[in-house]
Amino acid sequence: MSIEFCHIAPTSHLSALVHDRTTHLVLAHLIEEDEQYRDFYFGQKAMGGRINKNAKPKAVKDYVHDRRTIIMDNSAFEMYKRGEPMYPTDKLITQARAVQADYVVMSDYPGEDAAKTIDAATEMIPVLKREGFGTFFCPQSLPGDIEGLVAGYAWALHHPDIDYVAFSILNIPLAYNVEKDNKLQRFLARWRFMHLLESRGLLPALQSKKVHFLGLLDGPNEIELVKDYHQYITTWDSSSAVWAGINGIEYDNSPTGLTNGKFELEVDFKHNHADNDIVRLSNTKAKRNMVTIDRMCE
């Protein structure tokens, strides 16, 4: 079974690059701030659910909404980087409704005590279930608290009302104290953590959940690095392929797939360019990067 990869792109590049994906990860703060972004993903849900793709729909009954999956991220990574507070539950639900999301990433608190994220999820789970959304949980812990993070995963994997469990580019490197200024250790962090969960006997419990890897670290070859665990991974997302390509960077034959590691410039979701030739070239490079990732996920 292949990993479904969700490629993240600036709004003006969505139609050219990700219109044909079967699974999407969308960002709560962009649903709120960017009408074009919001409308694109609402349309994806509808178009993906059309009973007859060759027929023009006449009414709502001509759609079914189960052929494309929308995971709505809570934008915790972006809020963390901005130094802004996390979205409250009611606002996340409003954004999720706007794109007819299937799953909602529950509030989590990078770099804070594991119990804070668990307590938030305990309150949020019944609310999301009542609203008809699947639940998506990303454990967190204090920096350096690897045991707290393991406990968070153990709690999630044995909770009957958690549908999705996430492994992120923040929570695991933070728990190993390697999130900043340590690209080699950061690149290896999730691979090492999967080994740790295996040694604790927690991998079988992963089979009862959907599993998502949030983001890519310092190159696409992280996907190959964790190949022994592909059987457990349902979906994965990143802006790496598209954003690197737009900025003229193509994956290479270095050990990580990116000689200089992660392209650290924050994604500009409003990115656009007046020169059509430059847009075509950047999209071509982005597509080549996307193909590299998709092949690794097969």
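Predicted model: local features only at pLDDT ≥ 70, side-chain atom pairs only at ≥ 80, totals over all residues.

Student: Which residues is H29 in contact with, leaving aside its neighbours within four places in sequence?

Tutor: H29 is found in helix α2, residues 28–33. Leaving aside neighbours within four places in sequence, the residues in contact with H29 are S75, E78, M79, R82 and Y87.

Student: Is the aromatic pair of Y103 and Y164 stacked or edge-to-face?

Tutor: The structure holds 12 aromatic pairs. In the pair of Y103 and Y164, the centres are 4.9 Å apart and the planes are at 85 degrees. Planes over 60 degrees apart count as edge-to-face, so the pair of Y103 and Y164 is edge-to-face.

Student: How many residues apart are Y103 and Y164?

Tutor: Both Y103 and Y164 are buried. Y103 lies in strand β4 (residues 103–105) and Y164 in strand β6 (residues 164–168). The pair links distant parts of the chain, and the separation is 61 residues.

Student: Which residues have the most contacts inside the largest nonpolar core?

Tutor: The largest nonpolar core has 90 residues. One aromatic cluster is formed by F5, Y153, F167, F193, F213 and W236. Not counting residues up to four places away in sequence, W236 touches residues including I3, F5, F213 and L216. Those with the most contacts inside the core are Y41, M72, F167, F193 and W236.

Student: Which residue's charged end sits over the ring of Y109?

Tutor: The charged end in question is 4.6 Å from the centre of the Y109 ring. The charged end belongs to K116.

Technical notes:
Residues numbered from 1 in each chain as written. Heavy atoms only, no water. Phe/Tyr/Trp six-rings, centres within 6.5 Å; stacked < 30°, edge-to-face > 60°. Helix = DSSP H or I, 4+ residues; strand = E, 2+ residues; numbered from the N terminus. Buried < 20%, exposed > 50% of the residue type's maximum accessible area, 1.4 Å probe, protein only. Lys NZ or Arg CZ within 6 Å of the ring centre and 35° of its normal. Contact = heavy atoms within 4.5 Å. Core = buried A, V, L, I, M, F, W, Y, C linked by side-chain atoms within 4.5 Å.
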